[in-house]
Amino acid sequence: MTLNHYLFLSILLFSLGIYGVLTRKNAVAILMSIELIFNAVNINLIAFDHFLKPANIIGQIFTIFIITIAAAEAVAGIAIILSLYN
């Protein structure tokens with residue numbers, strides 16, 4: 001597999017995420033679409049890190065930060081949805 005394969009997968013996930021954010025009215029579906037966008041960014045970071053500078057782990061460190069932020073965003077979003085529901 002080459003870098004182009006990873007970039008194509010990332011573009012596909014990012015496009016599906018943007019489509020989901022723009023077309024969905026359900027807050028949970030929008031949060032899931034945002035997660036798709038974050039995963040597309042993570043694939044890009046890891047792919048570029050692997051193919052351009054394999055000895056460097058900067059892309060992996062950024063990916064861990066993005067996963068942490070995505071988890072916090074999901075928890076905050078679900079808490080807001082639950083507080084509005086009650």
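The buried residues of α3 pack against α2, contact being defined as heavy atoms within 4.5 Å. These buried residues of α3 are Gly-59, Thr-63, Ile-66, Ala-70, Glu-73 and Gly-77; buried denotes under 20% relative accessible area, exposed over 50%, and partly exposed in between, with a 1.4 Å probe and protein chains only. The structure is a predicted model, in which local features need pLDDT of at least 70 and side-chain atom pairs count only at pLDDT 80 or more, while totals for chains, interfaces and linings use all residues. Residues are numbered from 1 along each chain as its sequence is written, and side-chain values use heavy atoms, with hydrogens and water left out.

Helix α2 covers residues 27-52 and helix α3 residues 58-85; they pack at an angle of about 175°, with their axes 9 Å apart. Helices here are DSSP runs (H or I, at least four residues), numbered from the N terminus. The axes are lines fitted to C-alpha atoms over the stretch in contact, and angles run from 0 to 180 degrees between N-to-C directions. The angle therefore makes α2 roughly antiparallel to α3, a term applied to angles over 145 degrees. The residues of this contact divide into 16 nonpolar, 5 polar and 3 charged. Nonpolar covers Ala, Val, Leu, Ile, Met, Phe, Trp, Tyr, Cys and Pro; charged covers Asp, Glu, Lys and Arg; the others, Gly among them, are polar.

Within α2 lies Asn-42, which is buried, with a relative accessible area of 8%. Not counting residues up to four places away in sequence, Asn-42 touches Thr-63, Ile-66 and Ile-67. In the loop between α2 and α3 is Ile-57, which counts as partly exposed at 45% relative accessibility. Ile-57 and Ile-46 are 11 residues apart in sequence and 8.9 Å apart in space, C-alpha to C-alpha.

Helix α1 remains to be described. Its buried residues are Leu-3, Ser-10, Leu-13, Gly-17 and Gly-20. Seen down the axis of α1, they fall within an arc of 125°, so they line one face of the helix; the arc is that of the directions from the helix axis to the C-beta atoms. What covers these buried residues includes α2. The face of α1 turned away from its buried side carries the exposed residues Asn-4, Phe-8, Ile-11, Tyr-19 and Leu-22.

Key: Helix = DSSP H or I, 4+ residues; strand = E, 2+ residues; numbered from the N terminus. Parallel < 35°, antiparallel > 145°, perpendicular 65-115°, else oblique.
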